[in-house]
Amino acid sequence: MPETIATNPRRGLSLDVYAVALALALALLVRLNLIPSIKW
Amino acid sequence: MATAASSTRPLGLDQPIQLGRRIVVLIPGLLLLAAVGCAGKFIEQSIAGYTKAHHLTFPNIEYVLWAIVIGLVIANTVGIPRMFQAGVATYEFWLKAGIVLLGSRFLLGDILHLGGISLALVAVALTLSLTFMHLLGRTFKLKPKLTSLLAVGSSICGVSAIIAAQPAIDADDEDASYAIAAILALGAISLFTFPLIGHSLHLSDKAYGLWAGLAVDNTAEATAAGALYSDAAGKVAVLAKTTRNALIGFVVLAYAIYWASRGQAHAVGNKAAFLWRKFPKFVLGFLFISILATLGFFAKPQLTSLANLSRWAFLLTFAGVGLRTNLRELGKQGWRPFAVGAIGEVFIALVTLGLVYGADHFLHL
């Protein structure tokens, strides 16, 4: 099976941490009204 | 090997260039994920608009299914060219970011209530399914470590659990590939069967979401199976699956200790450090955002924005689920691991369905 970000155990931890960091950063930007309201 | 020129290059200059290259490599695949996801959304909206304009009765097929089907068709016909593969592989990153953002849609009380029920059901289902998978593995004469990987994958958390368990129990790469392939194939099947079964049994959104979260292996597939039923069911499926994911470290630790006691894996040193290493950190992010939302940190329009950001992240994930499923590769893995996985999955689906029925009846979900 080709090694990908998803199947590489060494990158598993950083993937989680980066995902959490991105989500928290976006939440902060939304809270501070630094990005326009997001539509769906 | 580093050349003289590169070894004397200042470290600070090299790193941003490498990071920039890594990001550039991801762009084609990310664009493909976005295109497939948006195509799914466009088809859903077009059909809904057409049927409404012409007063036709047609079941609403969620963009989730369209995105997965488009992805499956691309991956299994023309294939995914190499330049797109790195970006497509980020779908799990978007899944985790989406789950953290989804925390804003839960009050902490809801998490404690539904999460508590999920935890109790997971504990029962886990015990039964691990026992059953080992009996099956023995019956089908699978290698014991392959059985362990299949048991961990089908009872806890799909691919992530297998990846976490493989080095901990010193299992072969080949066994891990078999187990991953079987779990992915079964996850793809559950995407199409779970919503049909849920509708035919007239399950409520909460009951269905709980069932999908407890029974579907991979987090991406569990999220998609929930979202295919309804938005509310998708939310509950994510919560139940996240509760299940939180137990990954404990189960992997138990297996590591078991195989080490038989002299077939290296001993586990610091158990607390092991648990922390295996613990999915996005669960903490999910809880943190939920606490902030419960404390009123976000205004109502901001909560809507966060929920929509989560939906966009899931859109990329669902596109990735289809794009990374290669049916030909899955077919090459042999029938026995697949058969053990499939029988185990049916067992787990029935057990968890019974548990959810019971919980709905007695605990009023």
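What follows is a set of questions and answers on a predicted model.

Student: How much area do chain A and chain B bury between them?

Tutor: The size of an interface is often given as the accessible area lost when the parts come together. Here the contact draws on 25 residues from chain A and 33 residues from chain B. Of the area that chain A and chain B bury, 76% is on carbon and sulfur atoms, and the total is about 2700 Å².

Student: Which side chains meet in the salt bridge across the interface of chain A and chain B?

Tutor: Across this interface the rule finds 1 salt bridge, alongside 9 residue pairs in polar contact, both residues of each being at pLDDT 80 or more. On the side of chain A that touches chain B, the residues divide into 18 nonpolar, 4 polar and 3 charged. The salt bridge has an N to O distance of 2.9 Å, and its partners are B:Lys96 and A:Asp16.

Student: Is B:Lys96 buried or exposed, and which residue of chain B does its side chain also meet in a salt bridge?

Tutor: Because its relative accessible area is 9%, under the 20% limit, B:Lys96 is buried. The distance from N to O is 3.6 Å, and the residue is B:Glu92.

Student: How many residues apart are B:Glu221 and B:Arg324, whose side chains meet in a salt bridge?

Tutor: The N to O distance of this salt bridge is 2.4 Å, and both B:Glu221 and B:Arg324 are buried. B:Glu221 belongs to helix α10 (residues 219-229) of chain B, whereas B:Arg324 is in the loop between α15 and α16 (327-331), so the pair links parts of the chain that are distant, 103 residues apart.

Student: Which residues are joined into one network by salt bridges that share partners?

Tutor: A search of the whole structure finds 6 salt bridges over all chains. B:Lys96 takes part in one with A:Asp16 and in another with B:Glu92. The network therefore consists of A:Asp16, B:Glu92 and B:Lys96.

Student: What is the angle between the planes of B:Tyr63 and B:Phe318?

Tutor: A pair of aromatic rings is described by the distance of the centres and the angle of the planes. The search finds 13 aromatic pairs over all chains; in this one the rings are 6.1 Å apart, centre to centre, and the pair is tilted, with an angle of 50°.

Student: Which parts of chain B does the pair of B:Tyr63 and B:Phe318 tie together?

Tutor: B:Tyr63 is buried at 8% relative accessibility, and B:Phe318 is buried at 1%. Because these two residues lie in separate helices, the pair ties together parts that are 255 residues apart in sequence, namely helix α3 (residues 63-76) and helix α15 (residues 300-323).

Student: What is the value of phi at A:Asn33?

Tutor: Most residues other than glycine have a negative phi. A:Asn33 lies in the segment after α1 (9-31) of chain A, and it is exposed, with a relative accessible area of 59%. Although A:Asn33 is not a glycine, its phi is positive, near 55°.

How values were computed: Residues numbered from 1 in each chain as written. Chains lettered and ligands numbered in written order. Predicted model: local features only at pLDDT ≥ 70, side-chain atom pairs only at ≥ 80, totals over all residues. Heavy atoms only, no water. Contact = heavy atoms within 4.5 Å. Buried area = accessible area lost by both parts, 1.4 Å probe. Salt bridge = Lys/Arg side-chain N within 4 Å of Asp/Glu carboxyl O. Polar contact = N/O pair within 3.5 Å; in protein donor to acceptor, adjacent residues only side chain to side chain. Nonpolar A, V, L, I, M, F, W, Y, C, P; charged D, E, K, R; others polar. Helix = DSSP H or I, 4+ residues; strand = E, 2+ residues; numbered from the N terminus. Buried < 20%, exposed > 50% of the residue type's maximum accessible area, 1.4 Å probe, protein only. Phe/Tyr/Trp six-rings, centres within 6.5 Å; stacked < 30°, edge-to-face > 60°.
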